[in-house]
Amino acid sequence: MNTYGTPAVTMIKGEGAFLTDSEGRRYLDALSGIAVCGLGYSHPAVTQALSEQAATLIHCSNLYGIEPQQKLGAALRDISGMDKVFFSNSGAEANEAAIKIARKFGQDKGITAPQVICTQRSFHGRTMATLSATGNSKIQTGFAPLVSGFVHVEYDSIEAIEAAANEHTVAVMVEPIQGEGGVRVPSDTYLNALRSLCDSKGWLLILDEIQTGNGRTGRYFAYQQAGILPDVVTTAKGLGNGVPIGACLAKGQAANVLQPGNHGSTFGGNPLATATALAVVSELRKPELLENAANQGERILGLLKQELASCAGVTDIRGRGLMIGVELDRDCGELVAQAREAGLLINVTAGNVVRLLPPLTITDDEATHIADTVTRLIKAFLS
Ligand SMILES: Cc1ncc(COP(=O)(O)O)c(C=O)c1O
């Protein structure tokens, strides 16, 4: 179906931070499959885990114990500070699990029409519940009736949440940095203030770390920078480095809301996906990798600020780790094709924000090349 328009190029091979198309042209990929291939393409540890598991057991269903699933669950529990995990096949499905936890958490307390507070410009997925949670009418248009029980308030505002709350409120669901919404970084106190508010009201704090998780911002999860723990955290994208897998992790009361029969997935957590993700997580746990993400992010952000901050037409340059956005005062979708012609893969989100999500493994030279090329293209575009 025509969900993505007609692609301009066909990719046939990937190695490190580079993709090769069917004409043999190579591209430095500053998008990593939309924040998925954090370890780069054809990473040997991922390839080995995937091929060994494929030769051992691809699938057996969740009716049976699955060793790599148990190991991955334990690793994610250690990293995240959560107690339990539900494995899905995508980000949207991880969020569906989180939303079901929030609703049943409310129902169990006698709240018959539970309400989840979400934010404007958020993105939580394309299924009916997650597009209803998404704060963007473009994603929702044509799909009414939406799933009820979501309200949308201004991002980075505690007052807006307080004003929207009522006796039906059961949870607040936000991205620690809004990705699709334009790489919007909230104030340093936002997550801490959200944690305090949820604690004082008895609401669940649900963090959607589908894009920010798995090292993208220089920490395994972005909330670790704030020193808080959510009640529920969802992740996907970088977890499998390209093999479809998502996870909904929860702690405390939230971890015990779902009981046998309440939720499930045929493929979620299957041996192939979890063995691969286990190899990915083992790589991501190496401190030098997250350090590299933080350092290369600072390098790119620094170079972009140096060259573009005073440029008329550039309204903001922001980000954390290797999640970087350059906001222009006008729509700039054509920069994607111009960059591709120059051998660089980027993305434009929210119409006017150039978004960079390169692999966490990029080298100094690759990072500098990304910043230089983006600078040159934006200057030419604005001139
Ligand atoms: C923050 C966030 N949540 C949810 C999703 C949906 O994930 P998926 O496309 O794997 O369903 C995305 C995808 O871009 C995302 O960035």
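This is a predicted model: local features need pLDDT of at least 70, side-chain atom pairs count only at pLDDT 80 or more; totals for chains, interfaces and linings use all residues.
Start with the layout. The chain splits into domain 1, made of residues 11–30 plus 287–382, and domain 2, which covers 45–284. Where they touch, domain 1 puts in 21 residues and domain 2 puts in 23.

How much surface is hidden there? The size of an interface is often given as the accessible area lost when the parts come together. Here, domain 1 and domain 2 bury about 1700 Å² between them, and 57% of that is on carbon and sulfur atoms. On the domain 1 side, look for Leu290, Arg320 and Met323: these supply 43% of the area that domain 1 buries against domain 2, more than any other three residues.

Two salt bridges turn up across the interface of domain 1 and domain 2. If you look at Arg184 and Glu327, you'll find their side chains meeting in a salt bridge, at 3.8 Å from N to O.

Which elements give two or more residues to the side of domain 1 that touches domain 2? They are helix H11 (287–308) and the strands E11 (314–320), E12 (323–328) and E15 (353–356). Sorted by class, that side of domain 1 has 13 nonpolar residues, along with four polar and four charged ones.

Key. Residues are numbered from 1 along each chain as its sequence is written. Side-chain values use heavy atoms; hydrogens and water are left out. Domain bounds come from an automatic or database domain assignment. Contact means heavy atoms within 4.5 Å. Buried area is the accessible area (1.4 Å probe) that two parts lose on being put together, summed over both. A salt bridge is a side-chain nitrogen of Lys or Arg within 4 Å of a carboxyl oxygen of Asp or Glu. Helices (H or I, at least four residues) and strands (E, at least two) are DSSP runs, numbered from the N terminus. Ala, Val, Leu, Ile, Met, Phe, Trp, Tyr, Cys and Pro count as nonpolar, Asp, Glu, Lys and Arg as charged, and the others, Gly among them, as polar.
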